[in-house]
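Subject: Handing over a structure

Hello,

Here is the structure we talked about. Please open it first, then read my notes below.

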Amino acid sequence: MEMRMCGIVGVTGTNQSVSILIEGLERLEYRGYDSAGIYVNDQSGNDYLVKRVGRIVNLKNAITPEISGSTGIGHTRWATHGVPSETNAHPHFSNDERFYLVHNGVIENFKQLKEEYLSGVEFKSDTDTEVIVQLIDRFVVEYNMDTQAAFLKVLRLVSDDSSYAFVLMDRETPDTLFVAKNKSPLLVGVGDGFNLVASDAVAMLKQTHTFMEIQDQEIVVVKPAEILITDFDGNEMKRDTFQVEMDASAADKGTYPFYMLKEVDEQPAVMRKIVQNYLNEDGDPVVDSQLLESIKEADRIYIIGAGTSYHAGLVGAKMFEQLTNIPTEVHISSEFAYEQPIMSKKPFFIFLTQSGETADSREVLVNVKKQGWPSLTITNVPKSTLSREADYTMLLHAGPEIAVASTKAYTAQVAVEAVLAKAIGEYLKHPRAAEFDLKHQLGLVAVGMQALVDSKEKLESVASRYLSKPRNAFYIGRGTDWSVALESALKLKEISYVQAEGFASGELKHGTIALIESQTPVIGIITQDRTAGLTRSNLQEVISRGASVITIVTKHLAQTDDTIVLPDVDPLLTPLLSVVPAQLLAYYTSLGKGLDVDKPRNLAKSVTVQ
Ligand code: AGP
């Protein structure tokens with residue numbers, strides 16, 4: 001079985017289809033992939049299929065001048081099981097070469113379908129996708145069904161626990177894309193005389209700013225001048241379009257060597273954007289009053305997230321408790337989905353997800369909805385699955401985040417949590433919330449972040465001196481600094497492959513200190529008055545055992561030999577600053593090792609399988 005976070009692009013109605021598909025796939029590179037392919041048809045009986053293992057440039061190089069067409073589909077495949085190969089790459093096709101299919105997701109019951117309906121059929125690949133395209137062909141050819149009916153019949157046979165985004169082409173109706181999705185993201189881009197479909201709006205922004213959602217359990221027939229949506233019972237569905245006013249260049253690297261560096265640098269601007277969007281002239285939060293009313297009723301807040309988003313939740317929980325007095329728990333989505341704790345009577349759920357598509361988090365949201373509990377999704381992607389399915393959405397306004405390592409989405413999540421915590425606190429008339437001058441503080445944060453991103457040379461030399469050789473490293477801190485230590489360690493490990501751990505500094509001596517040896521890097525984060533002295537003592541303990549210590553310390557707690565000094569801000573917001581040097585240390589460690597910073601091995605940006 002394959003696991004995919006693949007990228008899909010489809011287009012019909014333009015003779016530029018090859019370049020649109022290739023450029024679209026390049027924009028989806030962030031999703032991770034190990035092979036890529038396109039299929040185009042020129043409506044005059046010629047069609048072309050090209051697939052290549054490795055980077056999109058290999059596919060590009062294989063495209064000869066005669067390869068052109070007005071309708072086509074493209075795909076980047078990311079496999080964790082099975083070797084990436086041209087035969088396993090998409091598009092897949094039926095043995096009679098009539099149907100071509102791209103797929104993102106996992107068909108859980110593909111083996112049963114193969115055994116039940118396709119015995120005797122010869123398969124070229126090991127994929128579940130090929131089973132689907134062969135099955136569609138069988139229903140059309142042997143049962144004389146039309147393509148749409150056969151597609152629908154197959155979709156009905158696919159088990160409910162499967163996930164898919166499909167785009168199908170039929171040589172007999174070469175201007176038509178047959179489209180369906182379940183759990184995996186896919187949306188239609190509306191053009192003038194042409195139409196598109198893709199996993200993410202960024203793949204279509206050069207052609208259009210007008211989009212149309214596709215919902216689960218629908219079939220969409222996309223032609224150059226027509227988009228017809230029907231549900232599985234054949235009812236025609238009306239759908240409004242929506243605009244995404246994002247500049248296509250927002251997803252470009254510009255002169256940066258890697259997206260990650262660009263995204264780290266954008267953080268001061270993101271803070272200002274959040275101020276503009278969520279705080280009025282007087283600094284009062286502008287947040288949906290129904291959302292506030294709904295949280296007001298809650299006796300406990302549950303924050304759900306994965307990876308970096310989970311870490312942002314840990315920071316946010318402290319804000320909610322201090323500014324609103326509502327007890328707040330934070331959970332890893334993949335854990336909560338299958339080990340739900342005993343719940344309070346009136347829970348309110350906050351989903352943190354940059355992409356809005358993370359399958360683990362969605363699994364929790366589906367259960368939360370079944371129980372009738374209210375929910376909010378805080379996400380960077382408007383109309384993403386978790387945004388659509390939660391009762392409320394707050395957007396991060398961070399602009400597209402392309403690098404696999406999340407940076408500006410983390411700081412945007414923390415800042416939006418601060419806005420929400422202040423808004424609820426004021427709504428509940430909690431005194432600390434009223435005193436908390438968030439607008440002023442976020443202004444200080446933006447200036448502080450700028451100073452930190454401007455000190456790249458220093459961070460580059462710290463990374464090369466302390467982190468380039470060792471195989472292990474530790475980030476330590478207490479309280480909110482520990483939460484940042486977790487995120488900092490994740491950054492370092494995911495892009496530089498240094499085995500890094502984030503530890504509660506007081507916990508080291510209970511076992512882990514045994515790992516400290518000569519020159520083991522230990523990075524201490526110190527931003528909180530109450531725990532600064534204690535973390536410093538813990539650093540002394542590791543220094544005595546030979547560790548190389550680096551410190552990231554807030555100004556009023558700094559001592560002369562501290563490595564990186566952060567400007568002072570409200571203690572609730574220090575994570576917005578302390579994480580920035582950690583992001584850059586990870587970046588320069590990865591860069592120094594000559595690794596692909598934006599696309600670390602084994603990882604994909606958007607994890608749409610559980
Ligand atoms: C970290 O840098 C990652 N990109 C990863 O941990 C990410 O935060 C996680 O997969 C959750 O993604 P989401 O925010 O899109 O839900």
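Which residues of H1 are buried? They are Ser17, Val18, Ile20, Leu21, Ile22, Gly24, Leu25 and Arg27. Keep in mind that this is a predicted model. Helix H1 runs over residues 17–27 and is mostly covered, with 8 of its 11 residues buried. The cover over these buried residues includes strand S1 (7–12), strand S2 (35–41), helix H2 (56–61), strand S4 (71–77) and strand S10 (195–198).

**Tyr48**

Tyr48 sits in strand S3, residues 47–53. Setting aside neighbours within four places in sequence, Tyr48 is in contact with Ile38, Tyr39, Val40, Glu66, Ile67 and Ser68. Take Ile38 from that list: Tyr48 and Ile38 are 10 residues apart in sequence, and their C-alpha atoms are 8.0 Å apart in space.

**Helix H4**

H4 covers residues 128–143. H4 is mostly covered, as 12 of its 16 residues are buried. Among them are Val131, Ile132, Val133, Leu135, Ile136, Phe139 and Val140. The list also includes Asp128, Glu130 and Asp137. The buried residues of H4 pack against S5, strand S6 (99–106), helix H3 (110–117), helix H5 (147–157) and strand S7 (163–170). Just after H4 comes Asn144, with a positive phi of about 60°.

**Backbone points to check**

- The peptide bond from His90 to Pro91 is cis, with omega near -5°. Pro91 lies in the loop between S4 and strand S5 (92–93).
- Lys383 is not a glycine, yet has a positive phi of about 65°. Lys383 is in the loop between strand S18 (375–379) and helix H12 (385–389). Its relative accessible area is 36%, so Lys383 counts as partly exposed.
- Lys429 also is a residue other than glycine with a positive phi, near 55°. Look for Lys429 in the loop between helix H13 (408–427) and helix H14 (431–435). Is Lys429 buried or exposed? With a relative accessible area of 71%, Lys429 is exposed.

**The annotated SIS domain**

An unreviewed UniProt entry carries the annotation "domain: SIS" for residues 291–430 and 462–600. Over residues 291–430, the chain is 47% helix and 19% strand. The end C-alpha atoms of that stretch are 17 Å apart. Over residues 462–600, the chain is 40% helix and 20% strand. There the end C-alpha atoms are 22 Å apart.

**Helix H18**

H18 covers residues 529–543. What does its length say? At 1.5 Å a residue, its 15 residues should span 21 Å; the end C-alpha atoms are 22 Å apart, which agrees. The buried residues of H18 are Thr531, Ala532, Thr535, Arg536, Asn538, Leu539 and Val542. These cover an arc of only 165° around the axis, so they are on the same side of H18. Against what do the buried residues of H18 pack? The partners are strand S20 (472–477), strand S22 (521–526) and strand S23 (548–554).

How many residues surround the ligand? There are 14, and the closest are Ser309, Thr353, Ser355, Thr358 and Glu494.

- Ser309: a polar side-chain atom lies 2.6 Å from an oxygen atom of the ligand.
- Thr353: an N or O atom in the side chain is 2.6 Å from an oxygen atom of the ligand.
- Ser406: a polar backbone atom is 2.8 Å from an oxygen atom of the ligand.

Ser406 turns up again in the contacts of Lys491. Lys491 is in helix H17, residues 480–496. Its relative accessibility is 0%, and buried means under 20%, so Lys491 counts as buried. Beyond neighbours within four places in sequence, Lys491 is in contact with Met260, Thr308, Ala405, Ser406, Thr407 and Ala586.

Best wishes

Note on methods:
Residues are numbered from 1 along each chain as its sequence is written. This is a predicted model: local features need pLDDT of at least 70, side-chain atom pairs count only at pLDDT 80 or more; totals for chains, interfaces and linings use all residues. Side-chain values use heavy atoms; hydrogens and water are left out. UniProt positions are given in the numbering used here, feature names are shortened, and annotations may be inferred rather than shown by experiment. Helices (H or I, at least four residues) and strands (E, at least two) are DSSP runs, numbered from the N terminus. The expected span of a helix is 1.5 Å times one less than its number of residues. Buried means under 20% relative accessible area, exposed over 50%, partly exposed in between (1.4 Å probe, protein chains only). The arc is that of the directions from the helix axis to the C-beta atoms. Contact means heavy atoms within 4.5 Å. A residue is near a molecule or strand if one of its heavy atoms lies within 4 Å of it. A polar contact is a pair of N or O atoms within 3.5 Å; within protein, one must be able to donate a hydrogen and the other to accept it, and residues adjacent in sequence count only if both atoms are side-chain atoms.
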